[in-house]
Amino acid sequence: METRHPDAGSATPWLDVAHLEHVCDGDEGLDLDLLLAFLEHAGGQLVELESCIAARDIASMHRLAHSLTGSALAVGATALAEACRGIEHAPAAPSDVEVIAFRAVRERTIEAVSLRLDRAA
């Protein structure tokens with residue numbers, strides 16, 4: 001089961017719930033704890049990544065993007081992981097268009113994670 005934004009045209013899920021359930025071995029409490037930790041940890045890193053992109057701090061941008069790629073993959077946020085991987089391997093700071101696309105993926109992923117948490121509450 002995937003939680004996707006209603007207008008998502010991509011085959012990439014915003015949140016691959018099947019992957020998350022597999023990682024958590026079906027333990028819904030662990031599933032929710034992992035998502036909460038992801039929001040807390042990755043949320044700050046995403047803000048910091050945006051700052052690094054704006055400052056054109058390529059080394060910090062690559063480091064943060066690498067960390068975020070792993071965090072996103074752990075919870076099944078595949079589209080965010082792919083976007084972060086692209087930034088991680090970029091030779092320079094992303095263009096304005098790429099930043100806008102990254103922000104859209106980031107927001108949709110956060111919406112999907114928040115929706116999953118809200119449904120469990």
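Visitor: At what angle do α2 and α3 pack?

Guide: In this predicted model, the axes of α2 and α3 lie 10 Å apart. The crossing of these two helices is left-handed. The angle at which α2 and α3 pack is about 155°.

Visitor: Is α2 roughly parallel or roughly antiparallel to α3?

Guide: The packing angle of α2 and α3 is about 155°. Angles over 145 degrees count as roughly antiparallel. The arrangement of α2 relative to α3 is therefore roughly antiparallel.

Visitor: How many nonpolar residues does the contact of α2 with α3 have?

Guide: On the side of α2, the contact includes Leu-34, Leu-35, Phe-38 and Leu-49. On the side of α3, the residues include Met-61, Leu-64, Leu-68 and Val-75. Sorted by class, the contact of α2 with α3 has 5 polar and 2 charged residues, and the number of nonpolar ones is 15.

Visitor: Is Leu-35 buried or exposed?

Guide: Leu-35 belongs to helix α2, which spans residues 28-55. Not counting residues up to four places away in sequence, Leu-35 touches Leu-15, Leu-20, Val-75, Val-113, Arg-116 and Leu-117. Its relative accessibility is 0%, and so Leu-35 counts as buried.

Visitor: How many Å apart in space are Leu-35 and Gly-76, C-alpha to C-alpha?

Guide: In sequence, Leu-35 and Gly-76 are 41 residues apart. In space, from C-alpha to C-alpha, the separation of Leu-35 and Gly-76 is 9.8 Å.

Visitor: At roughly what angle do the axes of α3 and α4 cross?

Guide: The axes of α3 and α4 come within 8 Å. α3 passes α4 in a left-handed crossing. The angle at which the axes of α3 and α4 cross is roughly 160°.

Visitor: How many charged residues does the contact of α3 with α4 have?

Guide: Among the residues of α3 that make the contact are Met-61, His-62, Ala-65 and Leu-73, while those of α4 include Leu-80, Arg-85 and Glu-88. By class, the contact of α3 with α4 has 9 nonpolar and 3 polar residues, and the number of charged ones is 2.

Visitor: Are α4 and α5 roughly parallel or roughly antiparallel to each other?

Guide: Helix α4 covers residues 78-88 and helix α5 residues 96-120, and their axes come within 9 Å. The two axes cross at roughly 150°. Helices α4 and α5 are therefore roughly antiparallel.

Visitor: Which residues of α5 make the contact with α4?

Guide: α4 passes α5 in a left-handed crossing. From α4, the contact is made by Ala-79, Leu-80, Ala-83, Cys-84 and Ile-87. From α5, the contact is made by Phe-102, Val-105, Arg-106 and Thr-109.

Visitor: Which residues is Thr-109 in contact with, leaving aside its neighbours within four places in sequence?

Guide: Thr-109 lies in helix α5. With a relative accessible area of 0%, Thr-109 is buried. Leaving aside its neighbours within four places in sequence, the contacts of Thr-109 are Trp-14, Ala-77 and Leu-80.

Visitor: Is Trp-14 buried or exposed?

Guide: Trp-14 is found in the loop between β1 and β2. Its relative accessibility is 6%, and so Trp-14 counts as buried.

Visitor: What is the phi of Asp-25?

Guide: Most residues other than glycine have a negative phi. Asp-25 lies in the loop between α1 and α2, and at 72% relative accessibility this residue counts as exposed. The phi of Asp-25 is positive, near 55°.

Visitor: Where is Arg-56 placed?

Guide: Arg-56 has a positive phi of about 60° although it is not a glycine. At 52% relative accessibility, Arg-56 counts as exposed. The place of Arg-56 is the loop between α2 and α3.

Visitor: Which element has the lowest mean pLDDT?

Guide: The mean pLDDT of the protein chain is 89, and 90% of its residues reach 70 or more. Over residues 1-11, however, the pLDDT is below 50. Among the elements, helix α3 has the highest mean pLDDT, 96, and the lowest, 40, belongs to strand β1.

How values were computed:
Residues numbered from 1 in each chain as written. Predicted model: local features only at pLDDT ≥ 70, side-chain atom pairs only at ≥ 80, totals over all residues. Heavy atoms only, no water. Axes fitted to C-alpha atoms, helices over the stretch in contact; angles between N-to-C directions. Helix = DSSP H or I, 4+ residues; strand = E, 2+ residues; numbered from the N terminus. Parallel < 35°, antiparallel > 145°, perpendicular 65-115°, else oblique. Left-handed = near helix turned anticlockwise from the far one by under 90°. Contact = heavy atoms within 4.5 Å. pLDDT = per-residue confidence, 0-100. Nonpolar A, V, L, I, M, F, W, Y, C, P; charged D, E, K, R; others polar. Buried < 20%, exposed > 50% of the residue type's maximum accessible area, 1.4 Å probe, protein only.
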